[in-house]
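Trainee: I would like to learn how to read a structure one feature at a time. Where do we begin?

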Amino acid sequence: MTTRLKELEPIVGPIAIDQLRRMGDRLGRQRLVHINSTRVGGGVAELLSQIMPLWNELGIDARWEVIEGDQGFFEVTKAMHNALQGFKVNITKAMLNHYLEVNRLNAGRFQFDADFLVVNDPQPAYLIQHMRSRARRWIWRCHIDASKPDRKVWRFLREAVRQYDASIFSMPNFAQNLAHPQYLVYPSIDPLSEKNRELSQEEISGVMNRLGIERDKPIILQVSRFDSFKDPLGVIEAFHMVRAHTPCKLILAGGEATDDPEGPRILAEVQEAARDDPDIKILLLHPESHYEINALQRAADIIVQKSVREGFGLTVTEAMWKGKPVIGGAAGGIVLQLEDFHTGFLVHSAEGCALRIRYLLHHPEVGHRMGRLAKEFVRSHFLMTRNVRDYLSLMILCDNPGSRSIEL
Amino acid sequence: MVSPDQPAPNPFWFSECIVMPMPTGKAAVNLRDLLQTLREVNESTLSYHLWQSRMSIAHPEVEYPNDFASWAANALQDSRLAEKLSVIDPFGFENMEQIREALVDLLEEYLWDLPSVPWARPGFQFYFCDVSTIVLRSQIVARTLPEFCSGLMKVGQNSIYYHLMDARWRLRSLKTDDFSHWIKESFDLPELISAIQGIDIWFYTLDEIRNTILEFVNQYIEKPDDNAPERT
């Protein structure tokens, strides 16, 4: 039978898979429970769907539980999410009480006992108040850019988080002032998923034909939601500067930012800026259009992610995995992933973006070299096997509190 | 030269090393912040930024040997400071406090002469991380030099890191590393040991180090005599 680990072995190498198996053997049949707020949609659900089959192959008794709540509860948690990202929100005492009540009701519903309980993001954070004894180790996994959280909301959440044994953040600047150990676990991508698997030339051409994109000029692509943090208008500005010198076309592909109050205005401005320009294509895609995104990234010559604010920037990771030269805004995790002239280019302005696009259009061999380096960089650091290895390491470390160096 | 069949008295077990960064929440936005925080952080935070971070994020090209020098070059865009910080070789010190003193001294001196404090460009703050490590024994073992080469080709980068880079700190009083130590205990090859100990690890990627060691070791394994008559 082909297992997921067997499928990953040719991609990450037998040593990496063997290491996971040995760590799994070492831990034995630990009961690991992940809790989040949804089974579908969003990065957390995507990650959990990817790693769950691996746990069982590694001999870990893993389960995935989802917290249940009504519309009011998810309105509060959405507001909390935005507050942790630094937006000003209005969360009343009554809203917080409702949030606490939903956590209490869920705690009563859950029937499991666990060795390790990984609680994802703020939604289920307060479960610990009611079921601390049901898990040996509690780990809070924060996927949110909490570098500048709203003080009041963080103070409320911190009361729960401080009771955990450890927490995990995606970037060093997201970490907080907490007494327990905080770990850094970078996000990862699944190389076997629809968004990242290898595609044949026929598959790529099929998607491009279906989307009505002719491949007659070099393609510059940005995949992102149409919100101000991803600066799609800046990308169009850069594109105009490039096209004054060299023929090329721009594709802006992504979904609407339904939860961003600025979203509709930004999209309207982007559509206006692109109107009557046959070389700019705006693609409003369904959030589940993973296959189409994969094909677009593989068809592109240069991929741009000109964010002015970013969490980790997994779209950059995905583009790098496809061996493309990537130009990214110097923000969040993009800075970590792109190193000038090696794994990509970092830019600080529309002019900088245009400069690097022009350079790469005229030096395709540099772009190819960057793409190769970028792909190997992702292979070493940002594939899901590394994420699983980090969780296994964390379980070992949590069971040896106070020890910073463990020999097994 | 050593016969390919000559066994070592004790086998060499390759180990693996997992480095888990632990963000401290402390950051520096300018050179004065960096200096101030360097005075306070744990010793393990210093070792993380001096050599262990290479196991967390290893860029394909190594320009500067430690995080502080890279930050000076990329964030402050101060090549002169980056050059000065590059000279600090932690494995030449007896303990972490001496390294801290050397870093603090260098930065104090540098700031003293500057007309203003240099700031990091946006997005390039220095985030201090502490670290935890897990070392686990792999199933790859070598009893002869050819087995050692075959093991070295198979193991992950983290094994190379552990046995050469991390070992130079662990075994600093002996001025050696795990590979050299095993070869010394097993075979009479002082020149091979000098060659391995002479690798300037700071400017190689771990894969480059792997290939360099393989090249060295292969030179000391007896090859079948090319002039020997062919068997019929």
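**Reading the loops, the sheet and the contacts**

Mentor: We begin with one residue in a loop. This is a predicted model. Phe341(A) is found in the loop that joins α13 to β12 (345-347) of chain A.

Trainee: What is the phi of Phe341(A)?

Mentor: Phi is positive there, about 70°, although Phe341(A) is not a glycine.

Trainee: Is Phe341(A) buried, exposed or partly exposed?

Mentor: For this we count neighbours: 20 or more other C-beta atoms within 10 Å make a residue buried, 12 or fewer make it exposed, and partly exposed lies in between. Phe341(A) has 13 such atoms within 10 Å, so it is partly exposed.

Trainee: Which loop holds Asp231(A), and how many other C-beta atoms lie within 10 Å of this residue?

Mentor: Asp231(A) sits in the loop between β7 (219-223) and α9 (232-243) of chain A. The count for Asp231(A) is 24 other C-beta atoms within 10 Å, and therefore it is buried. Its phi is near 50°, a positive value in a residue other than glycine.

Trainee: Now the strands. How should I read a sheet?

Mentor: Strands of a sheet pair through backbone hydrogen bonds, either parallel or antiparallel. In chain A, six strands form an open sheet in the order β9-β8-β7-β10-β11-β12, with parallel pairing. Its edge strands are β9 (280-284) and β12 of chain A, each of which pairs on one side only. On average, neighbouring strands of this sheet are turned by 20° against each other, direction ignored.

Trainee: How many bridges join β8(A) to β9(A)?

Mentor: Five bridges join strand β8 (residues 249-254) of chain A to β9(A), and the two run parallel. One pair of bridge partners is Leu250(A) with Ile280(A) in β9(A).

Trainee: Which residues of strand β11 of chain A are buried?

Mentor: Strand β11 (residues 326-329) of chain A is covered on both faces. Val326(A) and Gly328(A) are buried on one side, Ile327(A) and Gly329(A) on the other. Strand β10 (residues 302-305) of chain A pairs with β11(A) in the parallel sense over three bridges, and Ile303(A) has Val326(A) in β11(A) as its bridge partner. From β10(A) the chain crosses through helix α12 (residues 314-321) of chain A to β11(A), a right-handed β-α-β crossover. β11(A) also pairs with β12(A), again parallel and over three bridges, and Ile327(A) stands opposite Phe345(A) in β12(A).

Trainee: What are the domains of chain A?

Mentor: The domain assignment gives domain 1 (4-188 + 383-398) and domain 2 (201-381). The C-alpha centres of domain 1 and domain 2 of chain A lie 30 Å apart. Contacts join 10 residues of domain 1 to 10 residues of domain 2 in chain A. On the domain 1 side these are five nonpolar, two polar and three charged residues.

Trainee: And how do I read the contact between two chains?

Mentor: The size of an interface is often given as the accessible area lost when the parts come together. Here we count residues instead: 37 of chain A are in contact with 28 of chain B. Elements giving two or more residues to the chain A side include α2 (14-27), α15 (364-381) and α16 (384-398) of chain A. The residues on that side divide into 19 nonpolar, 11 polar and seven charged.

Trainee: Which strand of chain B pairs with β13(A)?

Mentor: It is strand β2 (residues 126-142) of chain B, which pairs with β13(A) in the parallel sense over three bridges. Glu407(A) has Val135(B) as its bridge partner in β2(B).

Terms used: Residues numbered from 1 in each chain as written. Chains lettered and ligands numbered in written order. Predicted model: local features only at pLDDT ≥ 70, side-chain atom pairs only at ≥ 80, totals over all residues. Contact = placed C-beta atoms within 7 Å. Helix = DSSP H or I, 4+ residues; strand = E, 2+ residues; numbered from the N terminus. Nonpolar A, V, L, I, M, F, W, Y, C, P; charged D, E, K, R; others polar. Pairing = 2+ DSSP bridges. Domains from an automatic or database assignment. Right-handed = clockwise from strand over helix to strand, strands pointing away. Axes fitted to C-alpha atoms, helices over the stretch in contact; angles between N-to-C directions.
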